Amino acid sequence: MSTTKNDKIIIRYRQYLKLEKSLSGNTVGAYLSDLEKLLKYLAAEEKDFRDVTLDDLETFSAGLRDLGIQPRSQARILSGIRSFYHFLVMEDYITQDPSELLESPQTGKHLPDVMTVEEIDTLIGAIDRTSREGQRNRAILETLYSCGLRVSELCALRLSDLYLDEGFIKVEGKGNKQRLVPISPKAVKELRNYFPDRNEGLIKPGYEDYVFISRFGKNISRIMVFHIIKELAGMTGIKKTVSPHTFRHSFATHLLEGGANLRAIQCMLGHESIGTTEIYTHIDRNRLREEIIGHHPRNQRKS
């Protein structure tokens with residue numbers, strides 16, 4: 001098979017990821033970067049990707065491990081390889097999928113830090129309202145916690161996405177998929193308190209519809225949201241690893257502990273698979289075990 005034809009297949013695969021799978025530019029780039037690792041390996045072995053066997057892929061996988069790549073990263077790379085071969089079969093470039101039985105390394109469940117409601121209240125309460133950005137930062141943190149947003153979703157939020165009288169906001173998540181998310185009365189109040197300051201400040205042309213504006217007149221960046229939260233965590237003495245994603249994890253965990261349905265949480269978070277949401281049941285089970293061990297009469301010491 002000629003290199004030119006191979007290049008055309010890769011271009012077609014890129015189009016498939018972007019147009020048919022509706023993946024973001026960053027995700028498409030990650031898939032192609034992972035595929036490039038396999039193609040370089042195959043080039044060194046003088047093998048065409050259409051002729052690859054399961055043994056070839058397992059050798060490639062073992063090579064990733066030998067290079068010291070972490071299991072989670074190995075699993076992500078192999079997931080991208082499976083996607084590519086699924087595409088090749090679907091488009092009739094090959095007849096059998098050599099990656100079908102390819103196993104990923106065991107990564108285990110990573111249980112993220114979760115803040116208590118009291119810790120979140122402490123963090124938000126530490127914001128200096130008299131500072132220029134104080135009310136904006138309160139609105140940012142309340143919106144993150146109230147709606148369980150990804151930081152990228154928060155930064156991209158527009159005024160035209162807000163339906164505050166109805167108690168909802170429209171969020172554009174991964175793959176440009178939109179969802180309606182309920183917003184709490186407390187977050188609505190903080191947003192409305194922020195709007196007068198926002199409207200009086202500098203807003204550059206083209207950024208008029210963004211909700212959260214930086215001092216430079218553009219929508220606030222992810223890095224700035226990270227910085228705001230890290231600074232507040234340091235001020236309040238919270239020792240946990242705290243980031244914008246911690247608010248999202250805490251939001252989901254608190255919903256589950258309050259009795260929310262897992263499917264409802266999945267919809268709120270914008271998870272495509274319920275499996276992604278199920279990590280929170282793992283967190284809840286761990287806490288349940290701690291409660292039982294701590295309070296069951298069989299585990300109490302006799303006085």
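A residue counts as buried when its relative accessible area is under 20%, as exposed when that value is over 50%, and as partly exposed in between, with a 1.4 Å probe and protein chains only. By this scale Glu46, at 75% relative accessibility, is exposed. The model is predicted, so that local features need a pLDDT of at least 70 and side-chain atom pairs count only at pLDDT 80 or more, whereas totals for chains, interfaces and linings use all residues. Residues are numbered from 1 along each chain as its sequence is written, and side-chain values rest on heavy atoms, with hydrogens and water left out.

The chain holds 13 helices and three strands, where helices (H or I, at least four residues) and strands (E, at least two) are DSSP runs numbered from the N terminus. Of its 303 residues, 40% are buried. The accessible surface comes to about 17,700 Å², and 50% of that belongs to carbon and sulfur atoms; such areas come from the Shrake-Rupley method with a 1.4 Å probe, and for residues only the protein chains shown count as cover. Contact here means heavy atoms within 4.5 Å, and among contacts between residues at least 6 apart in sequence, 58% join residues at least 24 apart.

In soluble globular proteins, nonpolar side chains tend to be buried together. A nonpolar core is defined as a set of buried Ala, Val, Leu, Ile, Met, Phe, Trp, Tyr and Cys residues joined through side-chain atoms within 4.5 Å. The largest such core has 46 residues, of which Ile169, Phe212 and Phe247 touch the most other members. Elements that each supply at least two residues of this core include α5 (117-125), α7 (151-155), β2 (168-172) and α10 (244-257), while the largest share, six residues, comes from α6. Leaving aside neighbours within four places in sequence, Phe212 is in contact with residues including Ala139, Ile140, Leu154, Leu191 and Ile220. A second, separate core of 24 residues includes Tyr16, Leu17, Leu35 and Leu42.

Not counting residues up to four places away in sequence, Glu190 touches Arg129, Gln135, Arg138, Ala139 and Glu142.

The strands form an open sheet of three in the order β1-β2-β3, with antiparallel pairing; two strands pair if DSSP finds at least two bridges between them. At the edges lie β1 (162-163) and β3 (178-182), each of which pairs on one side only. The pairing of β1 with β2 is antiparallel and runs over two bridges, and Leu162 has Ile169 in β2 as its bridge partner.

Phe168, also in strand β2, is partly exposed, with a relative accessible area of 33%. Together with Tyr163 and Leu180, Phe168 forms a nonpolar patch on the surface with about 280 Å² of accessible area. Patches are made of residues with over 30% relative accessible area and no salt bridge, like charges being joined within 9 Å and nonpolar side chains (Val, Leu, Ile, Met, Phe, Trp, Tyr) within 5 Å; a salt bridge is a side-chain nitrogen of Lys or Arg within 4 Å of a carboxyl oxygen of Asp or Glu.

Two loop residues remain to be described. Ser22, in the loop between α1 (3-20) and α2 (25-44), has a positive phi of about 55° although it is not a glycine, and is partly exposed at a relative accessible area of 28%. Glu46, in the loop between α2 and α3 (54-66), likewise is not a glycine and has a positive phi of about 55°.
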